[in-house]
Amino acid sequence: MKLIDRLKAPTPKFFKVLRNVGLGLAAAGGVIIASPIAIPAIIVTIGGYLIVAGSVATAISQAVTTTEGETVKSN
C-alpha cells in the first residue's frame, strides 16, 4: 500500500481518539512554550517533549488503517 493510499484509508476508532489526544498534547506543549510569563526552564523543556510526543502520536495514529477483510463500523 502506498503512503498516500494509507493516509486516505479509514482509520479505526481507537486510533482516531489517540490522534485527538496527540493533537491535544502538542497544543498544550505549544501553549507552555509560547507562554508570555517567565517560567522555569524545566517546564519549557517538558513543553517541548509534549510537542514531540503529541506530534509522533498523531502521525502514527493517522497512518494506521484497517485490514482488507475487516469491516469498519461507523457510529
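Is Leu25 buried, exposed or partly exposed, and what is its relative accessibility? Leu25 counts as partly exposed, at 33% relative accessibility. Buried means under 20% relative accessible area, exposed over 50%, and partly exposed in between (1.4 Å probe, protein chains only).

This is a predicted model, where local features need pLDDT of at least 70 and side-chain atom pairs count only at pLDDT 80 or more, while totals for chains, interfaces and linings use all residues. Residues are numbered from 1 along each chain as its sequence is written, and side-chain values use heavy atoms, with hydrogens and water left out.

Leu25 lies in helix H2, residues 13-33. Helices are DSSP runs (H or I, at least four residues), numbered from the N terminus. Tyr49 belongs to another stretch, helix H3, residues 41-63. Tyr49 and Leu25 are 24 residues apart in sequence. In space, their C-alpha atoms are 9.4 Å apart. Tyr49 is exposed, with a relative accessible area of 60%.

Now turn to the aromatic rings. A search of the whole structure finds one aromatic pair. The rings of Phe14 and Phe15 have centres 5.1 Å apart and planes at 80°, so the pair is edge-to-face. Rings of Phe, Tyr and Trp (its six-membered ring) pair if their centres lie within 6.5 Å; planes under 30 degrees apart count as stacked, over 60 as edge-to-face and the rest as tilted. Phe14 is exposed, at 57% relative accessibility. Phe15 is partly exposed, with a relative accessible area of 24%.

Notes. Helix = DSSP H or I, 4+ residues; strand = E, 2+ residues; numbered from the N terminus.
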